[in-house]
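I opened my notebook today to look up pockets, rings and charged pairs. Here is what I am working from.

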Amino acid sequence: MFFSQKSKGYFVEFNDHAVMMARTSAAGAPFAVEEMCECPPNDGPALEAAIRQVQPKKSPSGYLHAHVGIYPGKRLLRRHSLELKRVKEPGYFAELCTQQFRIEQEKYTISILNSNDGSDFDVAKAVQKDVLFCGLPTDEINATQSALLEAGIYPERLELGSLATLGGVADYLTHAKSKTPTLVLEIGAEATHSFIVTPGGVEASRPIPQGLDAMVPIVQKELGLKDEESARKLFYSNTFDFTGMGALLTKKLLKELQSSIGFYEVQTGQSVGQVLCTQLSPKLAWLDAAISGSLGVTSLKLDPVPWLQSRQITLSDAVAKNVQEIRWFGLLGLMAHYHAVHAAPVEEKK
């Protein structure tokens, strides 16, 4: 079930740091973004208030019918080059899941997309070998849907927010006529998902078992704090300037990133020239500059307004300032990507 053109559109993103919402003048482009708001994660009353703000008048069903993007910890988002001669072999994809991605295929809901444009990979034709495996545990999908309904949100469409972000970045680079390979980082608590994106799509991907939590013991040691919990509170607060410690805190992560970048540059002959950290809270925004400085590349500064206009999305004056902050880009990607051809929802292949 989808909205008619006369209906308002609603978009919701659940990430590690916030729940972000938007209301649009229509469900399909062209539309204007009328309202944007956010609330802390795992805060029921705050979420209720945010829903009331974005949808003052309840729908007849009592739910906020929305297009929802999520970033589950066990999400699968991996670029892989297939052996085209084997794609029709029974068990080939299960073998890839086990050996390459270390997951059990039967426990996951997976889509396979062409890495250049996000369209569905067609096993019958199988002409393009470079694909994206996208998915998450099926029981996590069920649990997420139940939690959304309990919170008063009916997911008209549920997808990996990472996909919308990557599609948005590729489309943004195309619109900006930038050919520079861009390192896109989603730095979570326990892991970092890294991608190299160009106007031609997702060129490389790598999950790295280094996240924000790995930086906390270093903070404790360097500042001589009595316990890890004190270090954690300080690290996630905005009361101390960690910029000077940036290189030290990100040392292990940088080593992995340099390895990935080096491999890509040797394979393609192209140099990664900019970095974009999409999932940082405002209190941790300094990490973007720390990482780009240590890697010797620039931070990509996005101006999404012209890009959105190219997608027939305009902004009210009230929300125009918000979208300049990179942390809103995933939500914007949900909007633009919803009406573009970049990617498909995460659905189980029959």
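**Entry 1**

I began with the second largest pocket, and its space comes to about 540 Å³. I noted that 21 residues line it, and that the closest to its centre are Arg79, Glu203, Ala204, Ser205 and Phe263. The elements giving two or more residues to this lining are β5 (76-81), β10 (192-198), β11 (201-208) and α8 (251-268). Helix α8 has the largest share of the lining, 7 residues. I sorted the lining of the second largest pocket into 8 nonpolar, 9 polar and 4 charged residues.

A note on provenance: this is a predicted model, where local features need pLDDT of at least 70, side-chain atom pairs count only at pLDDT 80 or more, and totals for chains, interfaces and linings use all residues. Residues are numbered from 1 along each chain as its sequence is written, and side-chain values use heavy atoms, with hydrogens and water left out.

My terms for this entry:
- A pocket is an open set of points on a 1 Å grid over the protein atoms alone, where a 1.4 Å probe fits, with protein on both sides within 12 Å along at least five of seven lines; lining residues have an atom within 4 Å of a point.
- Grid points are joined across faces, edges and corners, and a volume is the space filled by probe spheres set on the points.
- Helices (H or I, at least four residues) and strands (E, at least two) are DSSP runs, numbered from the N terminus.
- Ala, Val, Leu, Ile, Met, Phe, Trp, Tyr, Cys and Pro count as nonpolar, Asp, Glu, Lys and Arg as charged, and the others, Gly among them, as polar.

Next I turned to the largest pocket, with about 840 Å³ of space. Its lining has 31 residues, and Phe14, Asn15, Asp16, Tyr71 and Pro72 are the closest to the centre. I found at least two lining residues of the largest pocket in each of α1 (44-54), α3 (138-150) and β9 (182-187). Helix α3 gives the most, with 5 residues. The lining of the largest pocket divides into 16 nonpolar, 8 polar and 7 charged residues.

**Entry 2: the rings**

I counted 12 aromatic pairs in the structure. Rings of Phe, Tyr and Trp (its six-membered ring) pair if their centres lie within 6.5 Å; planes under 30 degrees apart are stacked, over 60 edge-to-face, and the rest tilted. Trp307 and Phe329 count as stacked because their ring centres are 5.2 Å apart and their planes stand at 25°. This pair links distant parts of the chain, with Trp307 in helix α10 (residues 304-310) and Phe329 in helix α12 (residues 329-339), 22 residues apart. Both Trp307 and Phe329 are buried, where buried means under 20% relative accessible area, exposed over 50%, and partly exposed in between (1.4 Å probe, protein chains only). I also jotted down one aromatic cluster, formed by Phe235, Tyr236, Phe240, Phe242 and Trp286.

**Entry 3: the charged pairs**

My rule for a salt bridge is a side-chain nitrogen of Lys or Arg within 4 Å of a carboxyl oxygen of Asp or Glu. The count comes to 16 salt bridges.

Arg75 and Glu186 form one of them, with the closest N and O atoms 2.9 Å apart. Arg75 lies in the loop between β4 (64-70) and β5 and Glu186 in strand β9, so the pair ties together parts that are 111 residues apart in sequence. Arg75 counts as buried at 13% relative accessibility, and Glu186 counts as buried at 1%.

Which side chain meets Glu159 in a salt bridge? I found Arg157, at 3.4 Å from N to O. Glu159 is buried, with a relative accessible area of 1%, and Arg157 is buried at 15%. The side chain of Glu159 also makes a polar contact with the side chain of His67 (2.8 Å). A polar contact is a pair of N or O atoms within 3.5 Å; within protein, one must be able to donate a hydrogen and the other to accept it, and residues adjacent in sequence count only if both atoms are side-chain atoms. His67 is found in strand β4 and is buried, with a relative accessible area of 2%.

Arg206 pairs with Glu256 in a salt bridge, the closest N and O atoms being 2.4 Å apart. Arg206 sits in strand β11 and Glu256 in helix α8, 50 residues apart. Arg206 is partly exposed at 28% relative accessibility.
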